[in-house]
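Please consult the sequence and the structure shown below while reading.

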Amino acid sequence: LIDGQSVVNLPPEKRPTAMVFQSYNLWPHMTVYENLAFGLKLRKTPKKEMEERIEKHLQLVSIGGMEKKYPSQLSGGQQQRVAIARSLLLKPSVLLLDEPFSALDAKIRQQMREELKKIQSELGITVVFVTHDQEEAMALSHRIVVMNKGKFEQVGTPTEIYDNPCSKYVASFIGEMNFIERDGKSVAVRPEDVVITKESADISGSVRTIMILGHYVEVNVQCGENVVKCYIQREESEKVNVGDQVNLKFCKTHIF
């Protein structure tokens, strides 16, 4: 159902949806303008209205002035912007995106996320976004559906899914998670909920690696069979060295 109407028996071109693919799917022999005009021409949109709408959507996805270029002259991020503009021009009730940013490098992917979030809130349309990138799902969504082999494992807001995963699968899929087996149960704890301390604590081990990741540091501690990952502040990391014996306190855990 879309807007309360069944689309099951409608042919695809009559459904109020638009699709953005992972591989852009732009016509290589058409300019950006021609790519954007293609769907509007099929709908017999008057020329003046078509020009105005294309100009508006080029500005919306921040690629104004590129209408005469061909897809091969654009970067991956720019091509994906054209693909999004082309879909939005059809005024869909639902915009469907299939891993649209996975072919882009990290920095451009970040920009495109911000851009899409801004467009979605400006237009107020429903977007169904398929991704394997958990960070992307957390950053973009109002509601996340975590799927496991085609079945819904959990549905909720990003905060609910992250803070209260309903199964071990969801806990391991969304965000980083340590699992420690105890008494036939799995104790799950997020790296940011692990504190390195000199006092007696939940588990102890020796520091295996220390990796600076910008504003925080990832410390991996070998605790018997398990390697426990902790995220700590830069200044805290200066007190820790590889090979140190440390105790780890778990501030918040989930039991599965």
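How much space lies in the largest pocket? About 890 Å³ of space lies there.

## Basis of the model

The model is predicted; local features need pLDDT of at least 70 and side-chain atom pairs count only at pLDDT 80 or more, while totals for chains, interfaces and linings use all residues. Residues are numbered from 1 along each chain as its sequence is written, and side-chain values use heavy atoms, with hydrogens and water left out.

## The largest pocket

Grid points are joined across faces, edges and corners, and a volume is the space filled by probe spheres set on the points.

The largest pocket, with about 890 Å³ of space, is lined by 25 residues, and those nearest its centre are Val-128, Phe-129, Ser-141, Arg-143 and Val-145. Two or more lining residues come from each of helix 4, strand 3 (126-130), helix 5 (134-140), strand 4 (144-148) and helix 7 (168-173). Helices (H or I, at least four residues) and strands (E, at least two) are DSSP runs, numbered from the N terminus. Strand 3 provides the largest share of this lining, 5 residues. By class, the lining has 15 nonpolar, 7 polar and 3 charged residues; here Ala, Val, Leu, Ile, Met, Phe, Trp, Tyr, Cys and Pro count as nonpolar, Asp, Glu, Lys and Arg as charged, and the others, Gly among them, as polar.

## The second largest pocket and helix 1

The second largest pocket has a volume of about 490 Å³. Its lining comprises 18 residues, of which Phe-38, Gly-39, Leu-42, Arg-43 and Leu-90 lie nearest the centre. Strand 1, helix 1 and helix 3 each supply at least two lining residues, and helix 1 gives the most, with 5 residues. The lining divides into 11 nonpolar, 3 polar and 4 charged residues.

In helix 1, Val-32, Asn-35, Leu-36, Ala-37, Gly-39 and Leu-40 are buried. Buried means under 20% relative accessible area, exposed over 50%, and partly exposed in between (1.4 Å probe, protein chains only). The buried residues of helix 1 pack against helix 2 and helix 3, with contact meaning heavy atoms within 4.5 Å. Lys-44, which follows helix 1, has a positive phi near 55 degrees.

## Helix 3

Is helix 3 largely enclosed or open, and why? Helix 3 is largely enclosed by the rest of the structure because 12 of its 14 residues are buried. Among these buried residues are Gln-79, Arg-81, Ile-84 and Leu-88. Their cover includes strand 1 (17-20), helix 1 (32-42), helix 2 (47-60), strand 2 (94-98) and helix 4 (106-123).

The 14 residues of helix 3 (residues 76-89) should span 20 Å at 1.5 Å a residue, and the end C-alpha atoms are 20 Å apart, which agrees. The expected span of a helix is 1.5 Å times one less than its number of residues. Just after helix 3, Lys-91 takes a positive phi of about 50 degrees.

## The cavity

Rolling a probe the size of a water molecule over the atoms shows where empty space is left. The count comes to 1 cavity of 30 Å³ or more, and about 30 Å³ of space lies in the largest cavity. Its lining consists of Val-61, Arg-81, Ile-84, Met-112, Glu-115, Leu-116 and Ile-119. Helix 3 and helix 4 each supply at least two of the lining residues, and the largest share, 4 residues, comes from helix 4. By class, this lining has 5 nonpolar, no polar and 2 charged residues.

Asn-220 is found in strand 10 (residues 216-223) and counts as buried at 8% relative accessibility. The side chains of Asn-220 and Glu-218 are joined by a polar contact of 3.0 Å. A polar contact is a pair of N or O atoms within 3.5 Å; within protein, one must be able to donate a hydrogen and the other to accept it, and residues adjacent in sequence count only if both atoms are side-chain atoms. Beyond its neighbours within four places in sequence, Asn-220 is in contact with residues including Ser-206, Arg-208, Met-211 and Val-228.

Cys-230 lies in strand 11 (residues 226-233) and counts as buried at 0% relative accessibility. Leaving aside neighbours within four places in sequence, the contacts of Cys-230 include Pro-191, Ile-196, Val-219 and Leu-248. The C-alpha atoms of Cys-230 and Arg-190 are separated by 7.8 Å, although the two residues are 40 residues apart along the chain.

Note on methods: 1 Å grid on protein atoms, 1.4 Å probe; cavity = no way out; pocket = protein on both sides within 12 Å on 5 of 7 lines; lining within 4 Å.
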